Amino acid sequence: PPEIIEKVRQPPPLCRPAVSADQAPLECIHLMKQCWSEQPEKRPTIDQIFDQFKSINKGRKTNIIDSMLRMLEQYSSNLEDLIRERTEELEIEKQKTDKLLTQMLPPSVAQALKMGTPVEPEYFEEVTLYFSDIVGFTTISAMSEPIEVVDLLNDLYTLFDAIIGSHDVYKVETIGDAYMVASGLPKRNGNRHAGEIANMSLDILSSVGTFKMRHMPEVPVRIRIGLHSG
């Protein structure tokens with residue numbers, strides 16, 4: 001402030017701060033008074049001040065550079081922790097994306113898309129397709145809340161997904177109450193595709209016989225299945 005500058009420029013009285021013994025260590029107060037001595041030769045040099053501060057603080061460095069370094073080290077450590085957390089979160093999200101991608105597309109196609117390579121169309125000499133839907137699904141939906149329909153489809157197709165895992169088949173997609181599966185692609189299995197789909201169909205029929213809807217357990221669930229080889 002200008003008034004302090006004027007006091008420093010035009011003594012007396014000398015402009016000096018008043019620091020009581022309870023506001024700082026006595027050694028620091030004594031060093032401060034040495035620094036504002038009117039006789040320049042009695043003022044300690046910067047190196048002497050540094051050494052005295054080291055002595056006062058029992059070897060602990062307290063200069064501004066060390067403080068900045070400590071702050072930078074702490075910031076760096078916090079930044080590393082943050083980066084590690086974000087990397088772990090990114091890896092988890094990447095795994096979720098990969099899992100979703102492999103559920104929607106054949107593994108070979110999904111891998112090609114991730115690598116950025118073009119996906120060439122393939123020709124398959126013979127495959128077998130499975131297609132099923134729920135009998136009376138329109139009526140069931142009309143008697144149910146939307147979330148109950150979602151729960152029905154989720155429970156039923158979770159059951160189907162567990163069954164097809166023990167057969168050499170590939171789930172193509174589910175649309176509404178429709179469930180589509182293929183065998184013989186994308187992994188060729190000779191002439192076993194018809195048998196794989198037929199056995200899977202029998203297992204699905206068996207499981208549906210004991211399946212119960214959460215909101216209408218007394219209503220039996222029936223499915224309509226169609227197969228085709230070609």
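User: Where does Ser-144 lie?
Analyst: Ser-144 lies in the loop between α6 (137–142) and α7 (146–164); helices are DSSP runs of H or I with at least four residues, strands are E runs of at least two, and both are numbered from the N terminus. This is a predicted model, where local features need pLDDT of at least 70, side-chain atom pairs count only at pLDDT 80 or more, and totals for chains, interfaces and linings use all residues. Residues are numbered from 1 along each chain as its sequence is written, and side-chain values use heavy atoms, leaving out hydrogens and water.

User: Thanks! Is Ser-144 buried or exposed, and why?
Analyst: Ser-144 counts as buried because its relative accessibility is 13%; buried means under 20%, exposed over 50% and partly exposed in between, with a 1.4 Å probe and protein chains only.

User: And which residues is Ser-144 in contact with, neighbours within four places aside?
Analyst: Those are Val-149, His-215 and Met-216, where contact means heavy atoms within 4.5 Å.

User: What lies 2.7 Å from a polar atom of the Ser-144 side chain?
Analyst: That is the backbone oxygen of Ile-140.

User: Zooming out, how many helices and strands are there?
Analyst: The protein has eight helices and four strands, in the order α-α-α-α-α-β-α-α-β-β-α-β along the sequence.

User: What does the C-alpha trace span along its principal axes?
Analyst: About 110 × 45 × 35 Å.

User: Last one: what share of the residues is buried?
Analyst: Buried residues make up 23% of the 230 in the protein.

Technical notes
A polar contact is a pair of N or O atoms within 3.5 Å; within protein, one must be able to donate a hydrogen and the other to accept it, and residues adjacent in sequence count only if both atoms are side-chain atoms.
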